[in-house]
Amino acid sequence: MASNSMSSNASWTRKENKLFERALAIYDQDTPDRWLNVARAVGGKSAEEVRRHYELLVRDVNDIESGRYPHPTYRSNGN
């Protein structure tokens with residue numbers, strides 16, 4: 001199942017990710033049936049898929065905050 005979860009994670013569209021972010025803001029960790037509610041808000045994803053997507057997001061944020069990945073440097077456009 002892990003490989004299936006990973007492949008479904010890679011197939012999230014920009015729109016699905018935005019819906020996911022909005023749903024997380026609405027359904028916090030204390031919400032009963034959180035992942036089911038988030039999945040319904042996103043549409044086309046199971047509760048397990050959105051839970052796994054969240055876990056990967058948390059892992060990525062933790063890796064970035066720990067310094068594992070350097071912060072990008074952006075060029076100024078002179079404004």
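How many residues does helix α2 have, and what span should they cover at 1.5 Å a residue? Helix α2 (residues 14–26) has 13 residues, which should span 18 Å, and its end C-alpha atoms are 19 Å apart, which agrees. The expected span of a helix is taken as 1.5 Å times one less than its number of residues. Helices (H or I, at least four residues) and strands (E, at least two) are DSSP runs, numbered from the N terminus.

The structure is a predicted model, in which local features need pLDDT of at least 70 and side-chain atom pairs count only at pLDDT 80 or more, while totals for chains, interfaces and linings use all residues. Residues are numbered from 1 along each chain as its sequence is written, and side-chain values use heavy atoms, with hydrogens and water left out.

The protein chain has 4 helices and 0 strands, and its elements run α-α-α-α from the N terminus on. Of its 79 residues, 23% count as buried; buried means under 20% relative accessible area, exposed over 50%, and partly exposed in between (1.4 Å probe, protein chains only). The accessible surface of the protein chain comes to about 6,200 Å², and 50% of this surface belongs to carbon and sulfur atoms. Accessible areas come from the Shrake-Rupley method with a 1.4 Å probe; for residues, only the protein chains shown count as cover. Among contacts in the protein chain with a separation of 6 or more, 45% are accounted for by residues 24 or more positions apart, a contact being heavy atoms within 4.5 Å.

In α2, the residues E16, F20, A23 and L24 are buried. They cover an arc of only 100° around the axis, which puts them on the same side of α2; the arc is that of the directions from the helix axis to the C-beta atoms. An α-helix has 3.6 residues a turn, so residues three or four places apart point the same way. On the other side of α2, R14, K15, R22, A25 and I26 are exposed. The cover over the buried residues of α2 includes α3 and α4.

F20, found in helix α2, counts as buried because its relative accessibility is 2%. Leaving aside neighbours within four places in sequence, F20 is in contact with W12, V38, V42, V50, H53, Y54 and L57. The C-alpha atoms of F20 and Y54 are separated by 8.9 Å, although these residues are 34 residues apart along the chain.

The structure holds 2 aromatic pairs. One is formed by W12 and F20 and is edge-to-face, at 5.4 Å centre to centre with 75° between the planes. Rings of Phe, Tyr and Trp (its six-membered ring) pair if their centres lie within 6.5 Å; planes under 30 degrees apart count as stacked, over 60 as edge-to-face and the rest as tilted. Both W12 and F20 are buried. The rings of W35 and Y54 have centres 5.1 Å apart and planes at 45°, so this pair is tilted. The pair links distant parts of the chain, with W35 in helix α3 (residues 34–42) and Y54 in helix α4 (residues 47–65), 19 residues apart. With a relative accessibility of 26%, Y54 counts as partly exposed. R34 lies over the face of Y54, at 5.0 Å from the ring centre; a charge sits over a ring if NZ of Lys or CZ of Arg is within 6 Å of the ring centre and within 35 degrees of the ring normal.

The loop between α2 and α3 contains D33. D33 has a positive phi of about 55° although it is not a glycine, and with a relative accessible area of 58% D33 is exposed.

For α4, 19 residues at 1.5 Å each should span 27 Å, and the end C-alpha atoms are 27 Å apart, which agrees. V50, H53, L56 and D63 are buried in α4. They cover an arc of only 145° around the axis, which puts them on the same side of α4. H53 counts as buried at 11% relative accessibility, and the C-alpha atoms of H53 and W12, 41 residues apart along the chain, are separated by 9.1 Å. D63 counts as buried at 15% relative accessibility. Residues up to four places away in sequence not being counted, D63 touches R68 and Y69. After α4 comes G67, whose phi is positive, near 90°.
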